[in-house]
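Welcome, and thanks for opening the viewer. Let's take a short walk together, one selection at a time.

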Amino acid sequence: MKGGDKKDVGANTPASGVKGEAARKRRSAPHKEENQVSNALRSVYQRAVDEDIPSEMLDLLRKLD
């Protein structure tokens, strides 16, 4: 590219050059999928945190003292 021929492509501008509403639609679909994955991970994590510690594990931990 020559000095005056540079195309200003910002972080929010798709590389394909699609602008406006089409660009927003393309970005919103992955965002929804990311939210679904995030929510699923939070749910799994919370269930793991809420699980009781097995008595065998507690016995082993007591023996370490």
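**First stop: a charged pair**

Select Asp59 and Arg62: they form a salt bridge, with the closest N and O atoms 3.0 Å apart. The term salt bridge here means a side-chain nitrogen of Lys or Arg within 4 Å of a carboxyl oxygen of Asp or Glu. By this rule the count is one. The model is predicted, so local features need pLDDT of at least 70 and side-chain atom pairs pLDDT 80 or more, while totals for chains, interfaces and linings use all residues. Residues are numbered from 1 along each chain as its sequence is written, and side-chain values use heavy atoms, without hydrogens and water.

Now show helix α2, residues 55–63, where Asp59 and Arg62 both lie, three residues apart, about one turn of the helix. Helices (H or I, at least four residues) and strands (E, at least two) are DSSP runs, numbered from the N terminus.

Colour by accessibility next. Buried means under 20% relative accessible area, exposed over 50%, and partly exposed in between (1.4 Å probe, protein chains only). Asp59 is partly exposed at 40%, and Arg62 is exposed at 52%.

**Last stop: the whole chain**

Zoom out to see two helices and zero strands in the protein chain. Of its 65 residues, 3% count as buried.
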